[in-house]
Amino acid sequence: MSPSKIPAVEFIKKLARRYSDNAVGDRAAQLTYYFLFALFPAIFFCVTLAAYLPIQGALNQLLDRLREVVPAQAMTIVQDQLTNLATRQRPHFLWLGVALALWSASRGIDAVRTALNLSYDVKETRPFWKTQGLALLLTVGTGGLMLLAVGALAVGGNAGMWLAAHLHVDKVWAVAWSWARFPLMGGVVMFVIAVLYYFLPDVKQEWKFITPGSMIGTVLWLVASYGFSVYVANFGSYDKTYGSIGGVMVMMTWLYLTGLIFIIGGEINAVLEHSSDEGKVM
């Protein structure tokens, strides 16, 4: 895939045309519903999964990183649900609940598969058991990867602070790490997006860690999430407009932005690969 094989102006025109022809905005709205439907089962699954990971506090570390980009009202909803899960007594059929939560959470991943197939202009030819199994595996894999990665970053940060204190450069390390954790976390997000772009669409391709779509999508998502958080905190009036469901509307708007940017990243990859001699085999 070589971006140099298509002029910038032509690329922008093709992307704009595909945005309209493939109803990217409408697909993002559909993903918003599936994301919201899958969110709380995913939280339940991550809470259960985190208890079996070797890194303590991985889930809390992940939430700390999310707070830096997710609007406060949306994080309040997530935090309340986590508190509810933490204080609720474990049911007798815990693993049945985990299995149902995992299946519900995987619906979001499966909806992304459908959206990416449309981005690449292909029809799904894989059998039902394969696509649903793939959605389940990616739900487990990406969830566990995010928890492990954030936990590992926390451990690395603590280890670096310990070493810096012994070298008497702890103040320098604190400043350096406060900046370094953002590109590191961005790299993790980019990797997860690249995995989804690689496995979900029904096309044959070579694995690439960095694709234009995953790179641009990650940057856009971080900037848009942070910008939306600032807007809601300082200028938004969702509570006045929507009353008690203001937090839910903030959550849905943020999920819509997430889905929109993810699909645009897929469209970017599709445009470049359709214009490349080494593009994907449909």
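Q: Why is Arg-126 called buried?
A: Its relative accessibility is 17%. Buried means under 20% relative accessible area, exposed means over 50%, and partly exposed lies in between (1.4 Å probe, protein chains only). Arg-126 therefore counts as buried.

Q: What kind of model do these values come from?
A: This is a predicted model, where local features need pLDDT of at least 70, side-chain atom pairs count only at pLDDT 80 or more, and totals for chains, interfaces and linings use all residues. Residues are numbered from 1 along each chain as its sequence is written, and side-chain values use heavy atoms, with hydrogens and water left out.

Q: What makes the pair Glu-124 and Arg-126 a salt bridge?
A: The closest N and O atoms of the pair are 2.6 Å apart. A salt bridge needs a side-chain nitrogen of Lys or Arg within 4 Å of a carboxyl oxygen of Asp or Glu, so the pair qualifies. Salt bridges that share partners join Arg-107, Asp-110, Arg-113, Glu-124, Arg-126 and Asp-202 into one network.

Q: Why is Glu-124 called partly exposed?
A: Its relative accessible area is 27%, so Glu-124 falls in the partly exposed class.

Q: How do you know that Asp-110 and Arg-107 form a salt bridge?
A: Their closest N and O atoms are 3.6 Å apart. Both residues lie in helix α5, three residues apart, about one turn of the helix. Asp-110 is buried because its relative accessibility is 11%. Arg-107, at 14%, is buried too.

Q: Which parts of the chain does the salt bridge of Asp-121 and Arg-18 link?
A: The closest N and O atoms of Asp-121 and Arg-18 are 3.1 Å apart. The pair links distant parts of the chain, 103 residues apart. Asp-121 sits in the loop between α5 (94–119) and α6 (128–166), while Arg-18 is in helix α1 (residues 8–21). Asp-121 is partly exposed because its value is 47%. Arg-18 is buried, at 13%. The structure holds nine salt bridges.

Q: Why is Arg-27 called buried?
A: Its relative accessibility is 6%, so Arg-27 counts as buried. Arg-27 lies in helix α2 (residues 24–50).

Q: What makes the link from Arg-27 to Glu-267 a polar contact?
A: The two side chains meet at 2.5 Å. A polar contact is a pair of N or O atoms within 3.5 Å; within protein, one must be able to donate a hydrogen and the other to accept it, and residues adjacent in sequence count only if both atoms are side-chain atoms. The side chain of Arg-27 also reaches the backbone oxygen of Asn-22, at 3.0 Å.

Q: Why is Asn-269 called buried?
A: Asn-269 has 2% relative accessibility, so the residue counts as buried. Its side chain joins that of Thr-211 in a polar contact of 3.3 Å. Asn-269 is found in helix α10 (residues 246–274). Leu-15 is 254 residues away in sequence, yet 10.0 Å away in space, C-alpha to C-alpha.

Q: How do you know what counts as a helix or a strand here?
A: Helices (H or I, at least four residues) and strands (E, at least two) are DSSP runs, numbered from the N terminus. The protein has 10 helices and zero strands.

Q: How much of the protein counts as buried?
A: Of its 282 residues, 46% count as buried.
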